[in-house]
Amino acid sequence: MTTLIDRRQTSGLDPSALGGGRYATLPQQQRGRGALLNMPGRYEKHGTTVFDDGWQTLEELPPLKTTVFEETPKKIITTNDSPDISFRQSINPYRGCEHGCSYCYARPTHAYMGLSPGLDFESKLFAKTNAAQLLRAELSNPNYEPMTIALGANTDPYQPIERDYRISRQILEVLSEFNHPVGIVTKSALVLRDLDILADMAKRNLVKVAVSVTTLDPKLARTMEPRAATPPKRLGTIEALSKAGVPTVVMSAPIIPGLNDSEIENILKAAYAAGAREAGYVVLRLPLEVRDIFKEWLCTALPDRAARVMSLIRQTRQGKENDATFGRRFTGTGPYAWSIGRRFEMAAQRLGYNRVRRQLATDDFRRPPMPGEQLKLF
């Protein structure tokens, strides 16, 4: 059954009580979540606010729960021509992400659904339940040309709801059957559930897994990425994948100036010891609504450091808080961004990262015969 939400209104506290027209949420809604705001989506003409009418009705509101809506898109492989990224094809099994990372660049996409990039993004999720069937059909097209597919380029394919929906696993099963290469990006230990498929695909040079390690500080990770795996579990995931023969990459992403950039060398050292042999980094970017969501989280969680962190962020973005220009949106510009890049490169080189960048195989791609289809003689 397909269920979609369209043009939904979001709610928050009375903006006049907050100043600046910002929207906030109630304490019981924020518990265990990353965003503290739930502003209306940028395409919405109207929004609603919750205010205390004097009858103590706000105390009766239930805690915010995760709701999953099933959708059946008509196409599953997304293509791009961005010069900044190494892949041209990607699959995102889910819209929204329960991990709740306050800095997530994918948050603004929820506005396309009429929902808020704030709390809605991490509590109102969409599962593409027909993803595997669509993938099989698209790979079976005689005109399809194989090239590595990125799984989870926008939202995490192994976020908590994957335990029940298993869409990512179904996608891997299809890709394995077709001998099709895939690169996975995640910060979840749940990827180890599919180690049987991944290890088999690795023997055919069909898979690479990148694990995002933002910080080694469990306390910072808990508040900044409330429902993602802890730092030790992410390092343990790298170790388990590596021991099983699955090529692993550590992503120091995002690097947040003044917050976690001091950990670059330690993250790379710990991940190398765990078995990662390739590494990459991304400097924090704050597109659209992410700016206000991250700033609200930062001012609440780390009020003593907020002003300096935001100042350093602007120093890496030519005085702005975001720069979407190709060629510099992931690395930033200016002296501070340059120093981050050089530190990362020097540490990676010293440890032995990126001596060989594995290119996944496409030569063995095959289209299994469809039911009733006659096998080819040659």
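Modeller: Take strand 5, which is covered on both faces. Lys124, Phe126 and Lys128 lie on one side, Leu125 and Ala127 on the other, and all are buried. Buried means under 20% relative accessible area, exposed over 50%, and partly exposed in between, with a 1.4 Å probe and protein chains only. In a regular strand, side chains alternate between the two faces of the sheet. Strand 5 covers residues 124–128; five of its five residues are buried, so the rest of the structure largely encloses it.

A word on the source: this is a predicted model, in which local features need pLDDT of at least 70 and side-chain atom pairs count only at pLDDT 80 or more, while totals for chains, interfaces and linings use all residues. Residues are numbered from 1 along each chain as its sequence is written, and side-chain values use heavy atoms, leaving out hydrogens and water.

Strand 5 has partners. Strand 1 (residues 67–71) runs parallel to strand 5, joined by five bridges. Within that pairing, Glu70 stands opposite Ala127. Strand 4 also pairs with strand 5, in the antiparallel sense, over two bridges. There, Arg95 has Phe126 as its bridge partner. Two strands pair if DSSP finds at least two bridges between them. Helices (H or I, at least four residues) and strands (E, at least two) are DSSP runs, numbered from the N terminus.

Follow the chain on from strand 4. The loop between strand 4 (94–95) and helix 3 (119–123) holds Ser102. Ser102 is buried, at 0% relative accessible area. Its contacts beyond four places in sequence are Gly34, Arg107, Met224, Val290, Ile293, Phe294 and Trp297. Contact means heavy atoms within 4.5 Å.

Helix 11 (residues 290–301) and helix 12 (residues 306–315) have axes that come within 9 Å and cross at roughly 145°. Phe294, Lys295, Leu298 and Cys299 of helix 11 meet Ala306, Val309, Met310 and Ile313 of helix 12. That contact has seven nonpolar residues, no polar one and one charged. Ala, Val, Leu, Ile, Met, Phe, Trp, Tyr, Cys and Pro count as nonpolar, Asp, Glu, Lys and Arg as charged, and the others, Gly among them, as polar. Axes are lines fitted to C-alpha atoms, for helices over the stretch in contact, and angles run from 0 to 180 degrees between N-to-C directions.

Now another helix pair. The axes of helix 4 (residues 131–140) and helix 6 (residues 167–177) come within 8 Å and cross at roughly 20°. They are therefore roughly parallel to each other; angles under 35 degrees count as roughly parallel, over 145 as roughly antiparallel, 65 to 115 as roughly perpendicular and the rest as oblique. Eight nonpolar, one polar and two charged residues make up this contact.

Seven strands form an open, mixed sheet in the order 2-3-6-7-8-9-10. Strand 2 (78–79) and strand 10 (278–283) are its edges, each pairing on one side only. Inside that order, strand 7 (residues 182–186) and strand 8 (residues 207–212) pair in the parallel sense over five bridges. Ile184 has Val209 of strand 8 as its bridge partner. Helix 10 (residues 264–274) lies across strand 9 (248–255) and strand 10, at about 165° to strand 9.

For the whole chain, count 13 helices and 10 strands. Of 378 residues, 52% count as buried.
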